[in-house]
Structure formats: structure tokens, C-alpha cells
Amino acid sequence: MRRFAADRAKKLALSFKGALYSQSSFSSPFSSDSADMSSKSAPVTVDTINPKVIKCEYAVRGEIVTLAQKLQQELQTKPGSHPFDEILYCNIGNPQSLGQQPITFFREVLALCDHPPLLDKDETHALFSSDSIERAWQILDQIPGRATGAYSHSQGVKGLRDSIAAGIADRDGLPANADDIFLTDGASPSVHMMMQLLLRSEKDGILCPIPQYPLYSASITLHGGTLVPYYLNEATGWGLEISEVKKQLEAAQSKGITVRALVVINPGNPTGQVLAEDNQREIVEFCKKEGLVLLADEVYQENIYVDNKKFNSFKKISRSMGYGEEDIALVSFHSVSKGYYGECGKRGGYMEVTGFSADVREQIYKIASVNLCSNISGQILASLIMNPPKVGDESFESYSAEKDGILSSLARRAKTLEDAFNSLEGVTCNKAEGAMYLFPRLYLPQKAIEAAEAVKTAPDAFYARRLLNATGIVVVPGSGFGQVPGTWHIRCTILPPEDKIPAIVSLVTTFHESFMSEFHD
Ligand code: DCS
């Protein structure tokens with residue numbers, strides 16, 4: 001017996017070593033030449049690290065933000081050193097950092113789940129609503145050992161996935177399956193997981209909208225694939241035209257690229273458009289015909305500000321067309337970061353994965369399991385956003401008032417900023433039908449373009465930098481999202497507190513007027 005065990009251990013050690021040193025050119029630390037100092041590894045410099053890391057860009061936290069942080073520090077150490085007193089971060093969709101309050105019901109449930117002894121105290125009934133107490137019990141009962149500090153199943157706690165599936169079923173009027181849900185720390189890791197799964201080499205491409213949220217370009221670069229751009233039509237309110245997608249697919253194929261998936265962001269970031277149902281049907285039809293995985297980024301599904309549009313999940317659209325699981329591979333990304341909840345720092349999200357074979361699903365599970373599991377507070381929040389209080393629950397009225405208050409204020413802020421941008425000389429701005437951003441186009445004077453070129457800066461980055469230095473307002477240059485060459489934009493969130501919007505409008509207007517007169521042809 002003992003001898004058998006020793007043999008087995010030796011075999012295992014060999015196979016482990018084999019996995020680590022599978023190429024004969026690598027020298028093993030167990031061999032004698034490990035003592036040879038001349039084979040010392042190259043030092044870690046930007047020339048020796050993974051070039052994909054160097055190539056990857058993420059403008060939402062790029063150079064303008066670094067400058068903003070520097071200015072903020074200067075304001076602290078030397079008040080009055082700039083023509084403004086505070087930095088207004090309009091660069092990132094981070095609602096609570098700008099004062100948005102979390103939804104009370106969600107936080108009550110989270111607090112109770114994180115500290116279950118509260119549930120046994122009499123005072124708790126005076127401090128917390130009865131439905132948050134009940135929900136916390138329900139959730140704790142779903143978590144093995146009621147241990148929120150324990151690792152869970154790699155897809156997330158099964159009971160929480162059950163309730164997310166029930167929430168999806170409610171939303172779509174169609175059954176949903178807990179086994180299709182993978183809970184992740186925000187939507188970002190889900191996107192990385194799909195890119196990791198789909199991209200084998202730079203010969204594999206992913207169709208992405210341009211402008212796009214740079215998580216897509218960054219993750220495609222990091223995972224070694226090729227971004228195949230399709231341009232949204234600014235003239236039609238950032239319309240997604242299938243003729244354009246088809247043209248770009250064919251162009252990529254003619255260059256030897258195997259296109260594996262199509263990314264659709266609905267509602268759009270940075271572009272704010274909400275897709276019409278007919279348009280969604282065309283997209284589904286196209287993916288089905290071309291055999292593409294549909295990667296549907298649906299993180300802004302609750303952020304819709306116009307009466308004539310509503311959110312439809314791509315799953316609901318594809319099933320309504322008669323397509324089942326076997327007809328189309330579809331991944332829907334969702335997150336606790338956006339909507340009216342804005343819990344980005346809690347890092348919760350999920351992807352619903354349908355239409356893949358069982359053995360591919362196993363591989364997705366394997367990738368998820370390498371991360372062990374996503375954080376449990378984020379998992380709980382994901383279950384809550386998909387199952388908020390219902391009519392008759394004690395919290396329902398206050399919950400609805402909080403939710404409607406946030407969403408209606410966002411709609412007003414979006415409209416005021418849109419009108420303000422449109423009133424500026426040389427600026428046009430499409431409506432933000434949804435999401436959290438405006439993406440105005442800047443028609444910059446030739447002299448401004450030349451001044452930007454002279455300092456080797458893209459004209460929209462030049463404008464954004466000037467705006468920051470003059471007003472303290474941080475926006476992201478359009479070049480960070482991609483745009484039709486020769487056009488220039490900035491992205492500005494609609495998130496600053498409503499009472500600050502008039503001041504922002506006046507700061508931007510004054511800055512813009514002086515910028516335009518400085519560079520007038
Ligand atoms: N998908 C879209 C379209 C997003 O806008 C974001 C975040 C994500 C996914 C990922 O977010 P989480 O990982 O937090 O779920 N939006 C960024 C932005 O443009 N501003 O803030 C963050």
C-alpha cells in the first residue's frame with residue numbers, strides 16, 4: 001500500500017512539473033544549471049512585461065483623471081490655487097460618489113445578512129422594516145451555514161441564483177434557469193470570462209459598437225483578440241444599422257479574421273440610445289444567420305428616460321421570434337452598479353448564459369471556479385435588484401419613492417445637460433434615452449485642432465484638459481471610446497447632484513464661449 005502511495009506521489013509530482021515546464025527550453029530549478037547566474041531572468045521593465053498590457057487602454061480612468069487628482073490635491077494643500085473650489089467628476093458612472101443615496105431596503109437586508117445577531121434583537125424591529133428582516137432570514141437560509149464570510153459555489157449561492165432566475169422570469173415573462181446564472185464581482189469579470197473563452201488568437205474577432213465602453217476594447221486586447229468595429233450612426237441618434245454590421249463582418253472575414261461574437265450595449269454607453277424592438281429582432285436574426293454569439297450588455301436596463309422606449313432583454317426578443325436555446329448562443333450581462341441602485345463599490349453582477357453546449361458550459365464553469373466565487377454581499381445585492389419589494393410589502397412605498405425620485409431626477413438632469421450642450425456654438429448632442437451619459441459632438445475650429453496637434457494631443461483631449469483646468473469639471477475625451485475618424489466628442493455623465501447642474505451648465509457655457517473665441521478662424 002505504502003509503496004503504491006509513494007509511486008503515485010512521484011507520478012503526480014512529475015506531471016505537475018511537466019505542466020509547469022512543458023517546453024524543453026525552460027530550465028527547471030531542480031536541475032543543476034539553476035545555479036548558473038548568467039541565465040538570470042530579464043529585469044521587469046515596460047519592455048519585458050506582457051505587451052498586451054501595454055497596448056490595453058482604459059480612458060474612463062485615463063490621463064484627464066490623473067490630472068484631476070493632481071488638481072484636487074493642489075486645492076487641498078493650496079486653497080484658491082485654481083479658478084474653482086472643487087473637482088466635479090463627470091467622467092465615471094459612479095453615482096454614490098456624487099451623493100446618490102443607496103436604496104434603504106437593499107442596505108437594510110445587506111446589514112442584517114452581514115450581522116445576523118441583529119435579527120435576534122428586539123430593537124431591530126423598530127429600526128428595520130419587517131420585509132427587510134424577513135428577506136434577510138430568507139437569504140441567510142439559502143446560504144450554507146448562514147456564513148456570508150464563506151466561499152460559495154463558483155457560480156454563486158444556488159438560492160440566490162434561484163431568486164435571480166425568478167426575477168428574470170418575471171421581467172421577461174419567460175422561464176429562466178438558475179444553472180444559467182454566473183454571479184460575478186460586477187459585470188466586468190463576466191465580460192473578461194467570455195473574452196477568455198472565445199478568443200484563441202488575434203485571428204479571432206469580436207464585433208463591437210463604436211463608440212463603445214472601453215471595457216470591451218481593453219478586454220479584447222488583454223485576451224489577445226481583434227476588435228472588429230461597427231459604427232453607430234450619430235445622425236440617427238446613434239442608430240445600430242445591420243447593413244453596417246454586415247459590411248464590417250465581411251471586411252474582417254476578408255482579412256482572415258474569424259468573427260466569434262457581436263457585442264451590443266443596450267441602453268448604450270457612451271451613446272445613450274435605447275434599441276427599438278424591431279432593431280433588436282434584426283440583430284438576433286443576424287447573429288443566428290452568421291453563427292455569432294450575442295454578447296448583450298444590459299447593465300443599464302433600469303435607466304430609461306423616454307416614454308416611447310422600453311427595455312427588452314435580448315433573451316425575450318429571441319424567444320419571441322421562436323428561437324430556442326439551441327438556435328442562438330446568448331450571454332446577458334447585468335450589474336448592481338447602475339440602474340437606480342448605483343452600488344458599484346459593492347461589486348455585484350451576473351451573466352445569464354444560454355445556448356452553449358454542456359461541455360462548453362463546463363469550461364465556463366471551470367474559468368469561474370478559478371476565481372473561487374464572487375463576493376457574497378455583491379451576490380445578495382444582485383438577488384435584491386432582481387427581486388425588489390412588491391406591492392403590499394412594508395417597504396414598497398418608500399422603496400418606490402426612492403427609486404422614482406432617483407430615476408426622474410436623472411431624466412431631468414439628462415434633459416437639462418442635453419439642452420445646454422445643444423445651445424453651444426459648434427456642438428450637437430443626441431438625447432440620452434437611457435444609461436448615464438451624454439456624448440456631445442464638438443465641431444472644433446481649425447486653429448484649436450492645430451493647437452492640439454502642436455502639443456501632440458487629440459483635439460477632444462485638448463478640449464477636455466482645457467475644460468478641467470478652467471472649471472474643475474472632468475469629462476472623458478471621445479477618443480477613449482472610439483469615434484468616426486475626424487469627429488470629436490466628449491462624454492459627460494448626468495450624475496452630479498441636481499442642485500449643481502445649473503452651475504455646471506453655466507461653467508461649461510462660459511468656458512466653451514471663451515474657448516471658441518480664443519481659437520476662432
Ligand atoms: N458594461 C457597461 C456598458 C458599463 O458601462 C460598465 C461600467 C460595465 C459594463 C461594468 O461595470 P461593473 O463591473 O461595475 O458592473 N461603466 C463604467 C463607465 O463607463 N463609467 O463607470 C464605469
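Which element gives the most to the lining of the largest pocket? α15 does, with five residues.

## Basis of the model

This is a predicted model, in which local features need pLDDT of at least 70 and side-chain atom pairs count only at pLDDT 80 or more, while totals for chains, interfaces and linings use all residues. Residues are numbered from 1 along each chain as its sequence is written, and side-chain values use heavy atoms, with hydrogens and water left out.

## The largest pocket

The largest pocket holds about 590 Å³ of space. A pocket is an open set of points on a 1 Å grid over the protein atoms alone, with protein on both sides within 12 Å along at least five of seven lines; lining residues have an atom within 4 Å of a point. Grid points are joined across faces, edges and corners, and a volume is the space filled by probe spheres set on the points.

The lining consists of 24 residues, and R171, E302, I385, P388 and K403 are those nearest the centre of the pocket. Two or more lining residues come from each of α7 (158–172) and α15 (396–422). Helices (H or I, at least four residues) and strands (E, at least two) are DSSP runs, numbered from the N terminus. By class, 10 lining residues are nonpolar, five polar and nine charged. Here Ala, Val, Leu, Ile, Met, Phe, Trp, Tyr, Cys and Pro count as nonpolar, Asp, Glu, Lys and Arg as charged, and the others, Gly among them, as polar.

## Cavities and cis peptide bonds

The whole structure has three cavities of 30 Å³ or more. A cavity is a set of grid points where a 1.4 Å probe fits but cannot get out. The largest cavity has a volume of about 50 Å³. Its lining includes P209, P211, Y230, N269 and Q273, and divides into seven nonpolar, four polar and no charged residues.

The bond from I210 to P211 is cis, with omega near 0°; P211 is in the loop between β3 (204–210) and α9 (215–222). The bond joining N269 and P270 is cis as well, with omega about 10°, and P270 lies in the loop between β5 (258–265) and α11 (277–290).

## Positive phi in loops

Most residues other than glycine have a negative phi, and most peptide bonds are trans. R146, which is not a glycine, has a positive phi of about 50°. R146 lies in the loop between α6 (130–142) and α7 and is partly exposed, at 41% relative accessible area. K456 has a positive phi near 55°. The loop between α16 (446–454) and α17 (459–471) holds K456, which is exposed at 78% relative accessibility. Buried means under 20% relative accessible area, exposed over 50%, and partly exposed in between (1.4 Å probe, protein chains only).

## Surface patch and a buried proline

V44, V46, I49, V53 and I54 make a nonpolar surface patch of about 460 Å². Patch residues have over 30% relative accessible area and no salt bridge, and nonpolar side chains (Val, Leu, Ile, Met, Phe, Trp, Tyr) are joined within 5 Å. A salt bridge is a side-chain nitrogen of Lys or Arg within 4 Å of a carboxyl oxygen of Asp or Glu. Areas come from the Shrake-Rupley method with a 1.4 Å probe. V53 sits in helix α2 (residues 51–55) and is partly exposed, at 43%.

P389, in the loop between α14 (376–385) and α15, is buried at 3% relative accessibility. P389 and T416 are 27 residues apart in sequence and 31 Å apart in space, C-alpha to C-alpha.

Definitions and conventions:
Patch = residues over 30% accessible without salt bridge, like charges linked within 9 Å, V, L, I, M, F, W, Y side chains within 5 Å.
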